[in-house]
Amino acid sequence: MESMMTRRLLQLLIGLAMYGISLAMFIRAGLGLDPWDVFHQGLAVKTGLSIGTVVVIVSFLVLLLWIPLRQWPGIGTLCNAVLVGVFADVGLALIPEFSHLGGQAGMLAGAILLNGIASACYIGARLGPGARDGLMTGLARRTGWSVRTSRTGIEVVVLAAGWLLGGSVGVGTVLYALAIGPLVQLLLPRFTVPETKAAALPAVAAEPAVAAP
C-alpha cells in the first residue's frame, strides 16, 4: 500500500512538472495557446506578472468557486494549483524562442504530446482534479448540464476574455482542442494507477477533458 501511494505521488509530481513545461513550450512556439492559457497570458500581459504567477493566482481564485459547488480539493488539486505555474516559469527560463516556422511547428507538436502525457499522468494518479477541471465537473453536477456543455461554456468565456486581454490565439489553439481529448483517452489507461481496497487517500475521478489543470 505504501509503495502504491509513493508511486501515485511521484506520478502526480512528474505529471504536473511536465504540464508546466508543456505550457512554456506552447508559449515559445508562438502559434496559439489553449483557452485557459490564452486567459493566463492575457492577464500576464496586462499585469506584468509572469505567466506562472498568474496561473497560480487564477488556480486559487477558481478554487474559491468550488465552495458554492460543494467541491472538495484533494492533495493533487493543491499541488496542481502551485506546481504547474512554477514549472511554466522554469520552462520559459530554459527554452529559447524560435524565429522560424519549422522550429515553431516542432515545438507546438512536442508541446501537445507532452501535455497529453502530463495530463494522463496527473489524472491517472487519482489524487484530485485540477482546479479548472473541478470547476467544470462541479458546475455540471450542480446545474444538470452535461460536462461537455459546462466545459464549452467555461472555455468560450475564458478564451474570449483572454483574447481581449491580449492572449495568443492561433492554429495551436485549434490543434490543441482537436488533439488533446483523443490523446489523453489513448494514454490514460497506461498511466491510471489501479485502485486498492486500502488506499491511503481517497481516489478522485478526474474528467479527462484537460484544457488546463
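Colleague: Thanks! What does the accessible surface of the protein chain come to, and what share of it belongs to carbon and sulfur atoms?

Modeller: The accessible surface is about 10,000 Å², and 70% of that belongs to carbon and sulfur atoms. Accessible areas here come from the Shrake-Rupley method with a 1.4 Å probe, and for residues only the protein chains shown count as cover. Before we go on: this is a predicted model, where local features need pLDDT of at least 70 and side-chain atom pairs count only at pLDDT 80 or more, while totals for chains, interfaces and linings use all residues. Residues are numbered from 1 along each chain as its sequence is written, and side-chain values use heavy atoms, with hydrogens and water left out.

Colleague: Good to know. How many helices and strands are there in the protein chain?

Modeller: Eight helices and zero strands. Helices (H or I, at least four residues) and strands (E, at least two) are DSSP runs, numbered from the N terminus.

Colleague: And how does the radius of gyration of the protein chain sit with the globule rule?

Modeller: The radius of gyration is 16 Å, close to the 17 Å that the rule gives for 213 residues, so the chain is as compact as a globular protein of that length. That radius is taken over C-alpha atoms, and the globule rule is 2.2 Å times the number of residues to the power 0.38. Along the principal axes, the C-alpha atoms fill a box of roughly 50 × 35 × 30 Å.

Colleague: What percentage of the residues count as buried?

Modeller: Of the 213 residues, 49% are buried. Buried means under 20% relative accessible area, exposed over 50%, and partly exposed in between (1.4 Å probe, protein chains only).

Colleague: How many residues are in the largest nonpolar core, and which have the most contacts inside it?

Modeller: That core has 54 residues, and Phe26, Trp36, Val62 and Leu135 have the most contacts inside it. A nonpolar core is a set of buried Ala, Val, Leu, Ile, Met, Phe, Trp, Tyr and Cys residues joined through side-chain atoms within 4.5 Å. Helices α1, α2 (35-47), α3 (51-69), α4, α5, α6 (131-143), α7 and α8 each supply at least two residues of this core. The largest share, eleven residues, comes from α1.

Colleague: Which residues is phenylalanine 26 in contact with, leaving aside neighbours within four places in sequence?

Modeller: Leu31, Gly32, Leu33, Leu108, Ala111, Ile112, Asn115 and Tyr176. Contact means heavy atoms within 4.5 Å. Leu31, Gly32 and Leu33 come up again with threonine 173, whose contacts beyond four places in sequence also include Leu159 and Ser168.

Colleague: Is threonine 173 buried or exposed?

Modeller: Threonine 173 is buried, with a relative accessible area of 9%, and it lies in helix α8 (residues 171-191).

Colleague: Let's switch to charges. How many salt bridges does the structure hold?

Modeller: Two. A salt bridge is a side-chain nitrogen of Lys or Arg within 4 Å of a carboxyl oxygen of Asp or Glu. In one of them, arginine 28 pairs with glutamate 97, and the closest N and O atoms are 3.5 Å apart. That pair links distant parts of the chain, 69 residues apart: arginine 28 is in helix α1 (residues 2-29), and glutamate 97 is in the loop between α4 (75-94) and α5 (101-124). Arginine 28 is buried at 18% relative accessible area, whereas glutamate 97 is exposed at 65%.

Colleague: What about glutamate 155, which residue does that form a salt bridge with?

Modeller: Arginine 151, with the closest N and O atoms 3.0 Å apart. Glutamate 155 and arginine 151 are four residues apart in helix α7 (residues 147-165), so about one helical turn separates them. Glutamate 155 is buried at 15%, while arginine 151 counts as partly exposed at 22%.

Colleague: Last topic: what covers the buried residues of α6?

Modeller: The cover includes α2, α3, α4, α5 and α7. Among the buried residues of α6 are Met136, Leu139 and Ala140. Serine 150 contacts those three and Trp145, leaving aside neighbours within four places in sequence. Serine 150 lies in helix α7 and is buried, with a relative accessible area of 1%. Just after α6, glycine 144 takes a positive phi of about 85°.
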